[in-house]
Amino acid sequence: MPIYLDNNASTRPLDGVVEAMKPLLGAEYANPSSLHRFGQQVRYKVECAREQVAGLINADPKEIIFTSGGTESINLAIRGVLAAQPAKRHLITSAVEHSAVGRLAAQLAREGCRVDEVRVDCEGRLDLAELEEKVTEDTALISVIHANNETGVIIDAERVCEIAARHGVRVHLDAVQSAGKVAVNVRELPAPLLSLSAHKIHGPKGAGALYVRGRTRLTPLTFGGRQERDLRPGTENVPAIIGFGIAAEEAAALGPERIDSIRHLRDDFEARVQAAISIAKVIGTEGERVCNTSNIGFERLQAEAILILLSERGIYASAGAACSSGSLEPSHVLRAMGIDPQLAHGAIRFSLSRFTTEAEIDQTLAVLVEVIERLSGMVTT
Ligand code: PLP
């Protein structure tokens, strides 16, 4: 059986998710906007899913806008806020954003928006003093990644919200990698906008949500029907939304013990890798991190080679590097953290899930030691 340690890329849909979706892919095909009973039966299920997703972040169901995923939620939040406040043309993000924010910010800059990227320290922690310095009268929005997809590092969202509130600026949190792994409570965290994605929490692909607090003004990206409070027109992806609801409910019910057991497996894995492989160094461990993510650099090795050998042995992980024009460039996240390129080039992201077992971690460690030995020709201790 292959060992899947790429859960930050996507997760296995829960059996309950798949079962709940099946009727909506077949017999329950009515349009939830139809007024007849058949349509209203489907509408009822969509509204139950909205309650389940709201429950994950302690939101009011009315504040949940279903979208096609994290990327669309992020685009709606950022473009929507900027379009609703045309007099303000300044966006603040960080240097370690997912491309859904990073590439959108680059596009907005081409369209004439002023974009500032706040730096992080060598542990991936956001420079809050710099963030506050960058805020001006012209700032429309601060959009930051809550838990980093490559390193798992969690930014201090409370402090970001405090700074924003002092200056009357809105905050959007990209919570795609944090929701379900740490408590995200929008009643305690005063960010008026927050993005979620179903397929990162054992739900289906093609469903996400944007949390939009109360009367936060947003201009939609697309125009059409009156669905989703006029903010996301178009007939809903009902099967995926229903699956998302179940996944959100299960994630909310996970409980601190399960989260701690994932963290324990991850910490144990990191300790054993560093003990067995002298050229291994875990990246971004000083700050707070989500329980499942481990980014490990292997000095002077190429991530691609490690990944291929691991994959041949049935172990699936990801690179902390992006392949551009045939060569593996260290990821912008590791570069922003100032990680030595010799380490960053060989950075592998292992991301666990609630299904990861101790036996899988033992097997991964054994294979990893062999792979690194083979690639480096070095003797491990
Ligand atoms: N934001 C973060 C932090 C992510 O990790 C991802 C996906 O990898 C996204 C946004 C995009 O989400 P989706 O794949 O649902 O569009």
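Begin by selecting Thr93, which stands opposite Glu117 in S4. This is a predicted model, in which local features need pLDDT of at least 70 and side-chain atom pairs count only at pLDDT 80 or more, while totals for chains, interfaces and linings use all residues. Residues are numbered from 1 along each chain as its sequence is written, and side-chain values use heavy atoms, with hydrogens and water left out.

Next, select strand S3 (residues 90–94) together with S4; the two pair in the parallel sense over 5 bridges. Strands and helices here are DSSP runs numbered from the N terminus, with at least two residues (E) for a strand and at least four (H or I) for a helix. Two strands pair if DSSP finds at least two bridges between them. Strands of a sheet pair through backbone hydrogen bonds, either parallel or antiparallel.

Now show the whole open sheet of 7 strands, in the order S2-S8-S7-S6-S5-S3-S4, with mixed pairing. Strand S2 (64–67) and strand S4 (114–118) are at the edges with a single partner strand each, so one side of each has no neighbour in the sheet. From one strand to the next, the twist averages 20 degrees.

Contact means heavy atoms within 4.5 Å. Axes are lines fitted to C-alpha atoms, for helices over the stretch in contact, and angles run from 0 to 180 degrees between N-to-C directions.

**The ligand**

Stay with helix H3 (residues 70–84): the largest share of the shell around the ligand, 3 residues, comes from this helix. Select the 13 residues that surround the ligand, the closest being Gly70, Thr71, Asp174, Ser197 and Lys200; a residue is near if one of its heavy atoms lies within 4 Å.

Which side chains place a polar atom 2.6 Å from an oxygen atom of the ligand? Thr71 does, and so does Ser197. For Gln177, the separation is 2.8 Å. A polar contact is a pair of N or O atoms within 3.5 Å.

**The four-strand sheet**

Move to the open sheet of 4 strands, ordered S9-S10-S15-S12 with antiparallel pairing. Its edge strands, strand S9 (280–282) and strand S12 (318–319), each pair on one side only.

Select strand S10 (residues 293–298) and strand S15 (residues 347–351), which run antiparallel and are joined by 5 bridges. Ser294 is opposite Phe350 in S15. Finally, show helix H9 (residues 303–312), lying across S10, S12 and S15 at about 45 degrees to S15.

Key. Polar contact = N/O pair within 3.5 Å; in protein donor to acceptor, adjacent residues only side chain to side chain.
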